[in-house]
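Q: Could you take me through this structure? I have not looked at it before.

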Amino acid sequence: MASYFEILCGVAALLLALYYYSTSTFDFWKNRGVVGPRPIPFFGTSKDLMFAKISVAEYTKNIYDKYKNEPLIGLYHGRLPLLILNDPEIIKDVLIRDFSKFSDRGTHTFEKTEPLSAHLFNLESERWRPLRSRLSPIFTSGRIKEMFTLILECSQHLEKYLDKQIEKGEPIECRELTAKFTTDVIGSCAFGIDMSAMSDEDSEFRRMGREVFAVNLENIARFKARQFLPKLYAMLGYVFSDKKYSPFFTKVVADSIKYRKENNIVRPDFINMLMELKEHPDKLENIELTDTLLAAQAFVFFVAGFETSSSTMSNALYELARNQDVQNKLRKEIRACWDKNNGHLKYEDIKGMEYFDKVFKETLRMYPPGTILMRQAMSDYTFNGPKVTIPKETAIWIPVLAIHRDPDIFPNPDSFDPERFNNDVVAARHSMNYLPFGDGPRNCIGMLKYTGCPTQPEQAVPPKRLEIEAAVMDRS
């Protein structure tokens, strides 16, 4: 029988081995001349993130502010090297010029644990590229214009709902209000389904949307496991499998497709696009187009569509309430448009409201839905300028919120000022200093519907730019 001393020696040896393993990569950035905070054993530079003491937005902003004059900042996600980009030209290299070398986000799909994770945002480039090209047409201005009457109908429901709420004489929670509205819009325009979020307090779709973003033990545990223990999380798929969202959305999509086929219904929406994909799988280059993969695209379209839009709307309402002069100017523009058309709004009217556009751009600057952009090196890569070489699979973060709140780029960054988006001011600013939708071929697919109101001069997406990005996608 082993003595206590032998057991103690064994435990000590194990701890030393774990310590060595956890710190064995900590010279990675030092050897490349990249500065950054000092890592600690087992946690790297991410201890506060691991224990949820700080948000990713605040974490990256603190790092950005501390190392503001550095083009690259080296961090450690546990023991794995992670790189933050500060220099706008380097950011442009990663997002646009050398996109084919950074076409993956570095996020994971857990198709056993969470079947709906295999969606457009997470997919590796091999499946992302053909799916993106097939799904993008649903976001063109022409398609949005076709759906405009449906959006107006949902707006009328919103107006009636507000009248009832005002009669009660109670405060209105704008975040929940806008979430209900955008849930109904997504349901009507994308799925051809009356989700009844506005009229039914027990709407199943609104409940699902609320639960996806709920801050509870289950969601936090899943998020941390995906982020810091991805291999273990994938292995335990049958133990922690999603028994809530996957069955619900898979059934919704399957039932919708079946009903439309049986009744010969054709609508210019997302479900119709999925039906076309299913009928012509040969166009997706050997992708196994399962019901679950289709449901995953519907899931992210629903969740991201209602959440990002409702967050932006509620943040805009908040800032308008705090800035009466901005509210008055915007109200004047809307009234002028309303009066010009005798109380009727058209798609072109909305697109033509210049100050309205600036208000939402400023909202997205202060409150970008995605506070960081993630990319992963597809091969060894040497950056221009600092001449730093990183190996394949190195994770990269672009600190969007930190850039948007940089006083050297946006003076008085915590003040709400739509005039920041006057044409002359925008022209003087680097295009990579405003990234609410990301940029390059793997930008947010929702940006396609926004190109009528470009965020920067070069983001108006002229024909030549589209040709370049299409060629980049084909090479990736």
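This is a predicted model: local features need pLDDT of at least 70, side-chain atom pairs count only at pLDDT 80 or more; totals for chains, interfaces and linings use all residues.

Q: Let us start with helix H16. How far apart are its end C-alpha atoms, and why does that agree with its number of residues?
A: The end C-alpha atoms of H16 are 24 Å apart. The helix has 17 residues, 324–340, and at 1.5 Å a residue these should span 24 Å, so the two values agree.

Q: Which residues of H16 are buried?
A: They are Val-326, Gln-327, Leu-330 and Cys-337. Seen down the axis of H16, these buried residues fall within an arc of 95°, so they line one face of the helix.

Q: And what covers the buried residues?
A: The cover includes helix H15 (291–322), helix H17 (347–352) and helix H18 (354–366).

Q: Which residues are exposed on the other side of H16?
A: Asp-325, Lys-332, Asp-339 and Lys-340 are exposed there.

Q: What about the phi of Asn-342, which follows H16?
A: The phi of Asn-342 is positive, near 55°.

Q: A change of topic: where is Thr-182?
A: Thr-182 is in helix H9, which covers residues 174–191.

Q: Is Thr-182 buried or exposed?
A: Thr-182 is buried, because its relative accessibility is 5% and the cut-off for buried is under 20%.

Q: What lies 3.3 Å from a polar atom of its side chain?
A: That is the backbone oxygen of Ala-179.

Q: Which residues does Thr-182 contact, leaving aside neighbours within four places in sequence?
A: Thr-182 is then in contact with Phe-306, Ser-309, Ser-310 and Met-313.

Key:
Residues are numbered from 1 along each chain as its sequence is written. Side-chain values use heavy atoms; hydrogens and water are left out. Helices (H or I, at least four residues) and strands (E, at least two) are DSSP runs, numbered from the N terminus. The expected span of a helix is 1.5 Å times one less than its number of residues. Buried means under 20% relative accessible area, exposed over 50%, partly exposed in between (1.4 Å probe, protein chains only). The arc is that of the directions from the helix axis to the C-beta atoms. Contact means heavy atoms within 4.5 Å. A polar contact is a pair of N or O atoms within 3.5 Å; within protein, one must be able to donate a hydrogen and the other to accept it, and residues adjacent in sequence count only if both atoms are side-chain atoms.
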